Amino acid sequence: MKIVCQMVLAFGLALGAAATAADDQAGKTGDTFKGLDSEIQDLKKEVVELNRDLFILEEELLFPSSTQVAVFLSVDTGSYFNLDSVQLKVDDKVVSNYLYTQREVEALHRGGVHRVYTGNLKAGDHEVVALFTGKGPSGRDYRRGANLVVNKGLGPKFVELKIVDREGKEQPEFVVKEWE
Amino acid sequence: MQCTPVTRRTLVRHGMCIAWLVFGWVVNPVMAGKEPRQVRDLHYGEVLFHFYQDDYFPAITHLLAADMQERMPNHPIDSQLLLGGMELSYGMNREATRVFHELLDQNAEEPVRNRIWFSLGKIGYQRGYLQEAEDALKRVTSNVSRAVHGQQQLLLAQVLMQQGKYQEAAELLREWKGPKQFSGYADYNLGVALIKSGNEDAGVARLEDVGELKTANSETYSLRDKANLTLGLHLLGADQPDSARHYLNRVRLSGPFANLALLGAGWADTETGNFQSALVPWNELLGRSPADPPVQEALVAMPYALGQLNARADAIQHYQRAIDLLSEEGRHLDQVVDNIEQVLFPHTLDQGVFVEAGVLQQALMVGGSGTSRLMSPDRNLGTVPYSPETGYLVQLLALHEFQEAWKNYHDLQYLATNLTYWNEQIDTYDAMLANRREAYKERMPRVEAAQHTLDPGQVRDRWHDLKARLDQIADANDYLALATTREGQMWQKLKGLGARLERLPATEKTEQLKEKRRLLAGVLRWQLNASYKERLWQARKMLNDLDGPLVQARQGRAALEHAMAGATHQFVGYDDQIAELRTRIRKLQPHIVRTLARQGEYLRNLALKELELRRRNLKRYVLQARFALAATYDQATNARGNLP
């Protein structure tokens, strides 16, 4: 019995020791959790800031503000329409076809805004046409379009495709909106 | 024969350790930040789109870029709160703390301050600054939603208990109000706090309530099992084996606590001298994976109980079996240690099959603090995949430090990949700029030539001259001015004829010619006069029609000039910027590679330490079983010798 008791004791220690294993490593490797974590935090900060600068540089290079056009998609409530995909045409040319994952749809429903397209257009009028595909109020296949002629000036142009609920008609409504 | 108090205390301590540490895992730290919100800036919404998918790195990058480009003017506070929260989730605690303190310095409104203090409390807790965490959490006022209040109180109670302030934690939890789905956890924590603060009966009663929760979901089943296990092990340690057995019997046979409960149930039976009964739970354990420590202990405990029942032959057989199985397990463990020593770990974690949620939950509940689930649910063990090693490292995987270290390892891998991408990408920018310079050189002379030949200003001046001329014609009713070229020529011809006829001698023939010329001139004048208004209208219309194209030409010219001015902006000034960014990339790359290697080494050493401990224990089990086997043989021999 005494033997078994010692075994039980050993068993207990085996499980309990894991809780301190991390702290004990300092002496063996020279690296502690906190020391490494601190360095990694510095690295993350540097890389995040570097990505910010690269992101801005890339945008300036590829999509100068004088020609930049970005199209975003948002969902307001979205009770009457479950989005599957969107096709975007600018001046009758398909510039984007996007199929949404369930995770992305959930992010949209919670207030996220998806950038569907970024491109370059010369100054003047351009027609933006969006074709939404998904499930309608009764769970049936639903396909609707919305369009807008936008005027591209000298600055960047932002366009929002909005899916909103039309409570009165119990139908979704698709709106294309220009942002200043 | 009874197990010594040391044994029970060890077992109980282990069980209670689980109890203290696990309760926090119910709290979802970002819940408060995930309510749908009104988006008034597209770029802020874009950040949310990444954030809601737990893609913190792109979300933080987009937010910082949008902030720098001043594209979120309508979300000055929200965006900073979001940034701090995401940095916290991404393991950038120091930056998160800085952001939150900056917001506090800006005299944020009470709801915002509450969210900040709550977040600072979580950071303090995560980093082990418990007093700071307590101070921060206590500054959250009651002016928060019920859900946030419930989480704040749970977290504060956890912080208090970790500092040994059980009495205060118990008082806090007695008054706890929060979402119903958390109430079981609050009760559980309260039960533990009461027992630890000396209020034994009330604590036991509270845990008993949790252990009897009516439920249909797996999470509450686990909580119920945990309460019964905690209670059972606690009572076993308090020399109440009968009561202990009662609660241990309630633990499900298939849950994450089953093995420990079965082991404890056997020990409770031996405490009352009922070795026969102890065989039942231990026999059940023998059919389970020998990699689990409770099973390993049962392998040796089983023959021990048989020995107490004088079933020496069976005891010998079970000791032999224990030695074989534990030795085999030891060899398996050696192989795993070899794999890790050959630098396959943590690489093997990356290559492995991802652990299913249930296994992860088990890992958290059996040995873990649960703090990672509390502090960063989106970078939790769900990202730790399964490999042959992980089966042995359940305790380690559940440790907060290991999880955080693993996440950092994974994050470093991502950073390395990210920089590799940019390192290649930035070279293409150089090529792009060179192409633009070339195109500029080639096209600019042609554009400039076109610009000189087509001056909308000159055309416009001519248009104004024509308009003034038409106005003069209209004022003077100068119908002759609107004659066509042919009519003008005819008019000049008739005029010339008149002059020549005047110079001729006055004869009858001359008079006839003069009359004919006068007649023709009259007809022409009449025609011009008759069509004058129509011609004037046509002329004005033509002039007006030119106005639109002229405006367009002017706009085109302006656009051309703008494009010409902007053309150089497409490549001028970027060289230094690109060079500076390239330097930063290439400076960071080796740093990340080195840190990644050190982080891998750190994880490897953690794993080896844990496995070494397991290996030592296995060896000890085998050794003890061998001694016990020899002793049992001796006893059997002696018994036979004593036979008449």
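This is a predicted model: local features need pLDDT of at least 70, side-chain atom pairs count only at pLDDT 80 or more; totals for chains, interfaces and linings use all residues.

Biologist: OK, and which residue in E3(A) does Val86(A) stand opposite?

Modeller: Val86(A) faces Tyr98(A) there.

Biologist: What's the strand order in the whole sheet?

Modeller: The order is E3-E2-E5-E6 in chain A, 4 strands making an open sheet with antiparallel pairing.

Biologist: Which strands stand at the edges?

Modeller: Those are E3 (93–99) and E6 (141–152) of chain A. Each has a single partner strand, so one side of each has no neighbour in the sheet.

Biologist: And how much twist is there from one strand to the next?

Modeller: It averages 20°.

Biologist: Switching to chain B now. At what angle do H8 and H9 pack?

Modeller: About 165°, with the axes of H8 (residues 146–162) and H9 (residues 166–174) of chain B 8 Å apart. An angle over 145 counts as roughly antiparallel, so that's what H8(B) and H9(B) are to each other.

Biologist: Is the crossing left-handed or right-handed?

Modeller: Left-handed, for H8(B) and H9(B).

Biologist: Which residues make the contact?

Modeller: H8(B) brings Gln153(B), Leu156(B), Ala157(B), Leu160(B) and Met161(B). From H9(B) you get Tyr166(B), Glu168(B), Ala169(B), Leu172(B) and Leu173(B).

Biologist: How do the residues of that contact divide up, polar versus nonpolar and charged?

Modeller: For H8(B) with H9(B), it's 8 nonpolar, 1 polar and 1 charged.

Terms used:
Residues are numbered from 1 along each chain as its sequence is written. Chains are lettered from A and ligands numbered from 1 in the order in which they are written. Axes are lines fitted to C-alpha atoms, for helices over the stretch in contact, and angles run from 0 to 180 degrees between N-to-C directions. Helices (H or I, at least four residues) and strands (E, at least two) are DSSP runs, numbered from the N terminus. Angles under 35 degrees count as roughly parallel, over 145 as roughly antiparallel, 65 to 115 as roughly perpendicular and the rest as oblique. A crossing is left-handed if the near helix is turned anticlockwise from the far one by less than a right angle, and right-handed if clockwise. Two residues are in contact if their C-beta atoms, placed from the backbone, lie within 7 Å. Ala, Val, Leu, Ile, Met, Phe, Trp, Tyr, Cys and Pro count as nonpolar, Asp, Glu, Lys and Arg as charged, and the others, Gly among them, as polar. Two strands pair if DSSP finds at least two bridges between them.
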